[in-house]
Amino acid sequence: MYLKSLALRGFKSFADSTRLDFEPGITVIVGPNGSGKSNIVDALTWSMGTRSAKDLRGGSMSDVIFAGAGSRKAMGRASVEITIDNSDDSLPIEFTEVTVGRAMFATGENAYTINDVECRQLDVAELLSDTGLGRETHTIVGQGRIDAVLNARPEERRAFIEEAAGILKHRRRKERALRKLGQMEGHLERLVDLLSEMR
Ligand code: ATP
């Protein structure tokens with residue numbers, strides 16, 4: 001599995017449609033200060049579903065939309081697509097190439113796609129979670145992140161290890177199941193009350 005390409009439009013400083021193709025192996029992006037190198041990494045983080053503006057070095061999530069520069073007007077939509085080579089079946093989906101897309105509108109709404117089919121953020125998270133990709137994972141190591149790991153509290157460090165071991169996905173599923181169970185218990189209690197009133 002490897003990242004084949006990244007396509008952006010209206011994302012941070014990338015107002016125009018921009019496509020970057022990657023080959024297997026190491027890619028180095030060089031450029032002057034402020035030319036958008038970190039914005040490319042932000043685009044990767046964002047496309048995988050992050051909901052934290054902090055992860056994207058912004059104050060709010062809508063800061064990812066091109067805000068205008070020089071004579072160029074601000075845009076109303078940001079979109080990023082990443083294409084992953086899946087010929088080794090690392091992703092649990094029957095396609096040798098998988099494109100995950102995310103778009104965000106000025107209203108704050110988000111839209112996600114997997115191979116051009118609309119889906120939920122949860123579907124993207126589940127697709128990527130066993131591979132070490134996805135939001136809240138440690139595939140992308142930002143500036144200062146190593147220090148954060150070294151200075152983390154024991155329980156935070158445990159979360160890093162659980163993520164790396166693929167446990168986090170099951171923990172999230174368990175939390176969702178417990179939430180649903182709690183709701184069902186509430187319904188059941190209400191049903192018992194109603195039945196006792198009818199007697
Ligand atoms: P450095 O080498 O200093 O770390 P860099 O190449 O990583 O720089 P970035 O941080 O990726 O640069 O890009 C910063 C540029 O992106 C700034 O010029 C900033 O104005 C621009 N930028 C960020 N968000 C937006 C936005 N929403 N709309 C327009 N431009 C933006």
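Q: Where do the domain bounds in this predicted model come from?
A: Domain bounds come from an automatic or database domain assignment. Here the protein chain is divided into domain 1 (1-135), domain 2 (136-166) and domain 3 (170-199). Taken over C-alpha atoms, the centres of domain 1 and domain 3 are separated by 38 Å.

Q: What makes up the protein chain, and in which pattern?
A: The chain holds five helices and six strands. Along the sequence, they follow the pattern β-β-α-β-β-β-β-α-α-α-α. Along the principal axes, the C-alpha atoms fill a box of roughly 75 × 40 × 40 Å.

Q: Why is Asp89 called exposed?
A: Let's set the count against the cut-off. Asp89 has 11 C-beta neighbours inside 10 Å, so it counts as exposed. You can find Asp89 in the loop between strand 3 and strand 4.

Q: Why are Pro32 and Gly34 called exposed?
A: The same cut-off of 12 or fewer applies. Pro32 has 7 C-beta neighbours inside 10 Å, so it counts as exposed. Gly34 has 9 other C-beta atoms within 10 Å, so it is exposed as well. Pro32 lies in the loop between strand 2 (18-21) and helix 1, and Gly34 lies in the loop between strand 2 and helix 1 too.

Q: Which residues does UniProt list for "binding site"?
A: The unreviewed UniProt entry lists Pro32, Asn33, Gly34, Ser35, Gly36, Lys37, Ser38 and Asn39. In the model, 15 residues surround the ligand, and the closest are Asn33, Lys37, Ser38, Asn39 and Ala67. By class, this shell has four nonpolar, eight polar and three charged residues.

Q: Which residues of helix 1 are buried, and what do they pack against?
A: To be buried, a residue needs 20 or more other C-beta atoms within 10 Å of its own. In helix 1 (residues 37-47), the buried residues are Ile40, Asp42, Ala43, Thr45, Trp46 and Ser47. They pack against strand 1 (2-9), strand 3 (77-85) and strand 4 (97-105).

Q: What makes up the largest nonpolar core?
A: A nonpolar core joins buried residues of kinds such as Ala, Val, Leu and Phe through C-beta atoms within 7 Å. The largest one has 25 residues, and those with the most contacts inside it are Leu6, Leu8, Phe11, Ala43, Val64, Ala78 and Val80. Strand 1, helix 1, strand 3, strand 4 and helix 2 (121-129) each supply at least two residues of this core. Strand 3 gives the largest share, four residues.

Q: Which residues does Leu8 touch, leaving aside those up to four places away in sequence?
A: Leu8 touches Phe14, Thr18, Ala43 and Val80.

How values were computed: Residues are numbered from 1 along each chain as its sequence is written. This is a predicted model: local features need pLDDT of at least 70, side-chain atom pairs count only at pLDDT 80 or more; totals for chains, interfaces and linings use all residues. Two residues are in contact if their C-beta atoms, placed from the backbone, lie within 7 Å. A residue is near a molecule or strand if its C-beta atom, placed from the backbone, lies within 6 Å of it. Ala, Val, Leu, Ile, Met, Phe, Trp, Tyr, Cys and Pro count as nonpolar, Asp, Glu, Lys and Arg as charged, and the others, Gly among them, as polar. UniProt positions are given in the numbering used here, feature names are shortened, and annotations may be inferred rather than shown by experiment.
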